[in-house]
Amino acid sequence: MSIAVSLKKKLKYFDLDISFSCAKKNMVVMIGPSGGGKTTIIRMLAGLEKPKEGKIVFGDEVWFDSLRHVNVPPQKRRLGYVFQDYTLFPHLNLYENATFAAVDKKEVDELFELFKIGHLKKRRPQMVSGGERQRCAICQALARHPRILLLDEPFSALDAITRRGLREELKSLKGRMSFPIIYVTHDITEALYLADELLPVVDGKIDNQWLQRMITREPSQEVALRAAREPRLTLVY
Amino acid sequence: MDFLALYVTLKLALITTVLLMVIAAPVAYALAYYRFAGKSFLEALIYLPMALPPTVIGFYLIIIMGPKGFVGKTWEMLTGGSLLFTFIGITVASIIYSIPFAVQPMKAAFAKIDRRLLESAYVLGLSRRAAFFRVIIPNSVNGIAAAAILVFLHSIGAFGVLLMVGGSIPGETKVASIAIYEAVEMMNYEVAGMIALSFIPISYAFLLLINKLNERTRI
């Protein structure tokens, strides 16, 4: 199954106007400066926000079509969504969180082993580290047997070493998954490491020169100036 | 000591609390999560009993629940009896009198829940109703408990409304606060003092409980 997207919406500071697609087994990494509309795009894919115009087609299923007034609610899209910051349920322990919408609870045990959080099952989210929480969030998303996985800066709040570890785990996981993955980040290293396909998003539009400009850093460029406010983007590790 | 009046008071407060929690939860949910035309007017209307003198509420309840009132007439048609001067009558009055104390803390507790938790639940396939029971309720237990305690204490203290709607029929509508008033009127200070004294530990214990709940919420 693959996903084809075209979206338009007037946002506060710019107009979102973008179209792209992502094939199965593929990872598209959306990269660009913060506040460029990446999260909005992901939220539209998940059905949490409504585009003004456009179309989202998953396989032969139409999730959104402004002309035909189709808008499938998030509940029916059956996708996995790992949010930017921790959205595990605070009243449940890690295991209960992961089995919250699981198809088969036995799988959660395997996932917990895979992500090395098997010993933390009974802990509440606020009792474990940020990295462990995000691991659990990925387990929660995968246990639902999603048809597509959306990851919105899942590791951006973590320290560099944890982030690198999780990035590697995610890459090895990707090889085993058959669904499309859309990954959002503003970290170029992460993007280059993970992506099958890069999708630079600047002010709501695809800007293929952005990456080039970022790496060569032309200081006269207004966009580059904006990115300079971001945490330093390093290409060496 | 008028144990019967104390019993009626506690029974009334308990039934009011249970029923009001069930009635107020969806109202609080709607106020916390939906935007609709006339919402602020509706909200003010719901909180109105808090701002009105109890006798004013009592007066209007007599009009509505009396034999010529809409509710009273319907009740008589259904049951053949009067709604005024009955336990059911004062239960209705007590519920209306305490509505703001149930809705307000519950609405605050619901509104405090992180939207992203709900979005996460929707993405995981939960309907709005399922998310209400599996995410909102368990994450606002303290607010709900605080609402229940406030309602309970407020119903224990009701006087004017109940006197107007229910009168003072022993074992039926004569609650402890009315019993105290009547005992004092008859210069029977000993009886009044005993009932009054029994209120203090109950109310104090519940207030301590509210404080504990509030502390836990802050963490």
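Biologist: Into which domains is chain A divided?
Modeller: This is a predicted model, in which local features need pLDDT of at least 70 and side-chain atom pairs count only at pLDDT 80 or more, while totals for chains, interfaces and linings use all residues. Residues are numbered from 1 along each chain as its sequence is written, with chains lettered from A and ligands numbered from 1 in the order in which they are written. The domain bounds come from an automatic or database domain assignment. Chain A is divided into domain 1 (21-46 + 73-79 + 147-237) and domain 2 (86-145).

Biologist: Which helix gives the most to the side of domain 1 of chain A that touches domain 2 of chain A?
Modeller: Two residues are in contact if their C-beta atoms, placed from the backbone, lie within 7 Å. Domain 1 of chain A puts eight residues into the contact and domain 2 of chain A puts in five. With three residues, the largest contribution to the domain 1 side comes from helix α6 (residues 160-176) of chain A.

Biologist: How do the residues on that side of domain 1 of chain A divide by class?
Modeller: Ala, Val, Leu, Ile, Met, Phe, Trp, Tyr, Cys and Pro count as nonpolar, Asp, Glu, Lys and Arg as charged, and the others, Gly among them, as polar. On that basis, the domain 1 side that touches domain 2 of chain A divides into six nonpolar, one polar and one charged.

Biologist: In what order do the strands of the open sheet in chain A lie?
Modeller: Strands (E, at least two residues) and helices (H or I, at least four) are DSSP runs, numbered from the N terminus, and two strands pair if DSSP finds at least two bridges between them. β2 and β6 (70-71) of chain A each pair on one side only, as edge strands. The sheet has five strands with antiparallel pairing, and the order in chain A is β2-β1-β4-β5-β6.

Biologist: Which residue stands opposite K8(A) in β2(A)?
Modeller: Strands β1 (residues 3-10) and β2 (residues 15-22) of chain A pair antiparallel over eight bridges. The link between β1(A) and β2(A) is a hairpin of four residues. Across this pair, the residue opposite K8(A) is D17(A).

Biologist: And which residue stands opposite K55(A) in β5(A)?
Modeller: β1(A) is joined by six bridges to strand β4 (residues 53-58) of chain A, antiparallel, with L7(A) opposite G54(A). β4(A) also pairs with strand β5 (residues 61-65) of chain A, antiparallel over four bridges. In β5(A), the residue opposite K55(A) is D65(A).

Biologist: At what angle to β1(A) does helix α1 of chain A run?
Modeller: Axes are lines fitted to C-alpha atoms, for helices over the stretch in contact, and angles run from 0 to 180 degrees between N-to-C directions. Helix α1 (residues 38-46) of chain A lies across β1, β2 and β4 of chain A, and its angle to β1(A) is about 120°.

Biologist: Which helix gives the most to the side of chain B that touches chain A?
Modeller: The contact involves 13 residues of chain B and 15 residues of chain A. α6 (115-123) and α7 (128-139) of chain B each supply at least two residues to the chain B side. By class, that side has seven nonpolar, four polar and two charged residues. Six residues come from the helix that gives the most, α6(B).

Biologist: Against which elements do the buried residues of α6(B) pack?
Modeller: A residue is buried if 20 or more other C-beta atoms lie within 10 Å of its own, exposed if 12 or fewer, and partly exposed in between, with C-beta atoms placed from the backbone. In α6(B) the buried residues are L118(B), E119(B), S120(B), A121(B), Y122(B) and V123(B). They pack against α7 of chain B and, in chain A, α1, α2 (74-77) and β7 (80-82).

Biologist: Is A147(B) buried or exposed?
Modeller: A147(B) lies in helix α8 (residues 141-157) of chain B. Leaving out residues up to four places away in sequence, A147(B) touches F101(B), A102(B), P105(B) and M106(B). Because 27 other C-beta atoms lie within 10 Å, A147(B) is buried.

Biologist: Which stretch of chain A has pLDDT under 50?
Modeller: pLDDT is the predictor's confidence in each residue, from 0 to 100. Chain A has a mean pLDDT of 88, with 91% of its residues at 70 or more. Where pLDDT is low, the predicted coordinates should not be read in detail. The model has eight contacts beyond four places in sequence for the stretch under 50, residues 233-237 of chain A.
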